[in-house]
Amino acid sequence: MSTQAYSLRTSVLQSLTTAKRPDVPLWVVVRNTAAVVLPLAVGYMTGHEEAGLAIGAGALDTMFSDQPGPYRQRLTQLFLASLAAGAASLCGFLIGGNLPLILIAMAACGFFGGLLVVFGTDIARVGMTSMILLVITAATPTTVNNALIGAGLIFSGGLLLALFSIAAWPLQRYGPERHALATVYRGLASFAKQEVHNDADAPALTDAMTTLQQTLLGRHHARGRAMEAFAVLLELAERVRLELIAMTDMRGAEGIHAMFRGDAARVLDAIADALESGDSPEQASRALQTLQASERALLDGKTRHDSVAAHIHALSGQLAAAVRNANWAGTTGEERAETAETRLPRVLRGSSALATLRANLTTHSVAFRHAMRCAVCLTIALLVSRIWNLPHGYWLPMTAAIVLRPDFAATFNFGLLRVVGTILGLLLTTALLHFTRHDFWTHLALMAALCMAFRYLATAHYGIAVAALTGTVVILLSFEGVNSGDAVMDRVINTALGSGMALLAYVAWPTWERGRARAALSELLSAYADYLRALARPDRREAHREARTAVRTARTNAQASLERMRGEPATPVVLLELANNLFLNSNRLARTAMTLEALLHDCDNLPEQAEVTNFIEHAASNLHTLAVALRDNKVPPSTPDLRQLQRSLYTLLAMAEDKARAEQLGRISDRLVDNVNTLAHVVGRGPQESAAAQQPLVNKS
């Protein structure tokens, strides 16, 4: 069996059998399902079944725009999703009977809806929802008055979902912010409890910290005195993480080290509990007192110049500040916050939406290619369904809109899971409708259960979620008089055709990740180079934080690129190994750099400051050279010997008065040289192995 065939078979099996842990809170599942089911119940009881169906359908289509985050952000996303749903529905109702016009509208909606991927997953869902509703409503064109009423009801369904989503706003104004912070502090507690750390592992809490940064400081973050305490807690979380990473590099006093990390973990867990409940952190205060007593007992006679004592004293102070701010961030937070509100770092401030769209109007853009594929594929799918007069043919372009993704792996997996899930849904719905009573309330209860399963499992296993969605939609259509058996069979046929068309559209004009992986990894190395350059200026601590945030973003992008490349067929083994090695070794570099930053923050003056700065700048320059060589797929040019420079620095540090600091700097500089040289070896080996892999095989005589 060829490597490509084996990879494809493995990908298929993983798609069908791999499930993630559901990450949707139960109250979100309940309120989303209620927004779909309640309008149907009210419509049935009042004799306005069609109005209830339209409102429920609007809520169902905007369901996935109800995402975690600040209430203002959630309200904005849901309003935009509802508005887009209403506009697309109105367009479909008005011109659905005119084939040329609806084809033009479908192409425009597909292009602009697909282009929204540049703004992230949440906004991209709005584009996909618009495509789906345009297709569905175009199947039932109507008069202007009826179109306005129908579109208005669908829009109202989205607003009802938004109302349910923000219903707790007056009671838990800062609930999303507190829960995001609690997640990070809980993760810090787990990190503190770990006794052994592998340098190849990713720095802890990368994704959680990025989410927290956006939640607290993003465009839609809340305002108020309590938010000032949240911003301080964010910065303290970063500092605690740096200290915990730095402590893994300490030598000597392992017993003191382990005991103090255990005390710190208990304080961090208590802070997380206080943030989640919104109550005063009394338990955290007691845990802090225990930690401070241990600090005094364990470090009796040691000075802050001792490396172990310095980190422990620094971490103790940060934990004390975190406990104080947790109190300000609770129920009395509006009264006690003292510090000024933090501004969003420049690396997280996006340019205008129009400028972003303009920058992506090029065939080199992944978003532009995806938009073109959406426009062409959806238009052809709609045309085929109309020409062949397929029963319930709107499922064909609707499936294509759902399945088609910016990358091959996601398109293939979603297509496969959608077909399998639809068949499972056919069996499930048939069995449920056969063995239950044939009345409205029984069917509504079944639909509510299936809708809850769909919302809860959508991010865990898409195939199972689609099975639940199939039943939900079939029962929903049965309320409108559509025979359930016919609807399911039509859905299976059109789903298979739509998934196949989406995959063909991607293959016809692909955007293979293997052509973009080098650029993503190069940006990661460049971000590390900028981080080191910022650390070479100890006095500019705000720049340290911004550079660290940029590294986190670049690392997330590189990891996503690597995962997409693994799922593509015919990815060169040499390129995949290169990407894996670079990513793993970049994790070692991250730990070294963060340990260095913690050391810089713990003291005002380093031994041999000028020489240390010069060494760090040379390391940053070497990394930048490697980033350029990686992007261009060339062997890196010769650079000054970083190891020789480190030896000279080590000699100077040996003569420094602050022996503890000098020894720690010596170890960090040695690790930094090893990290950079290893990356240089991996980058330099890449072009040679690529050339060797392209050589024709010669038969041995």
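## A helical chain, piece by piece

Let's start with isoleucine 312, which lies in helix H13 (residues 307–328); helices here are DSSP runs of H or I with at least four residues, strands are E runs of at least two, and both are numbered from the N terminus. This is a predicted model, so local features need pLDDT of at least 70 and side-chain atom pairs count only at pLDDT 80 or more, while totals for chains, interfaces and linings use all residues. Residues are numbered from 1 along each chain as its sequence is written, and side-chain values use heavy atoms, leaving out hydrogens and water.

**The whole chain**

- The secondary structure comes to 27 helices and 0 strands.
- Of the chain's 701 residues, 52% count as buried; that word means under 20% relative accessible area, with exposed meaning over 50% and partly exposed in between (1.4 Å probe, protein chains only).
- Take the contacts between residues at least 6 apart in sequence: 81% of them join residues at least 24 apart. Contact means heavy atoms within 4.5 Å.

**Back to isoleucine 312**

- Isoleucine 312 is buried, with a relative accessible area of 1%.
- Isoleucine 312 sits 52 residues from phenylalanine 260 in sequence, yet their C-alpha atoms are 7.5 Å apart in space.

**Helices H16 and H17**

- H16 covers residues 366–387 and H17 covers residues 395–403; their axes come within 8 Å and cross at roughly 165 degrees. Those axes are lines fitted to C-alpha atoms, for helices over the stretch in contact, and the angles run from 0 to 180 degrees between N-to-C directions.
- H16 and H17 are therefore roughly antiparallel (the label for angles over 145 degrees; under 35 is roughly parallel, 65 to 115 roughly perpendicular, and the rest oblique).
- Who meets whom? On the H16 side you'll find Cys377, Leu378, Ala381, Leu382, Val384 and Ser385, and on the H17 side Leu396, Pro397, Ala400 and Ala401.
- Those contact residues split into 9 nonpolar, 1 polar and no charged. Ala, Val, Leu, Ile, Met, Phe, Trp, Tyr, Cys and Pro count as nonpolar, Asp, Glu, Lys and Arg as charged, and the others, Gly among them, as polar.

**The loop between H16 and H17**

- Asparagine 389 is in this loop, and its phi is near 50 degrees, a positive value in a residue other than glycine. Asparagine 389 is exposed, at 63% relative accessible area.
- Histidine 392 is found in the loop too. Histidine 392 has a positive phi of about 50 degrees although it isn't a glycine, and at 23% relative accessibility it counts as partly exposed.

**Cysteines**

- A search of the whole structure turns up 0 disulfides, where a disulfide is a pair of cysteine sulfur atoms within 2.5 Å.
- For cysteine 91, the nearest cysteine sulfur belongs to cysteine 109 and is 7.9 Å away. Cysteine 91 is partly exposed, at 26% relative accessible area.
- For cysteine 374, the nearest cysteine sulfur is that of cysteine 377, 7.6 Å away. Cysteine 374 is buried, at 1%.

**Histidine 443**

- You'll find histidine 443 in helix H19 (residues 440–457), where it is buried with a relative accessible area of 14%.
- Leaving aside residues up to four places away in sequence, histidine 443 touches Leu433, Thr436, Arg437, His438, Ile475 and Phe479.
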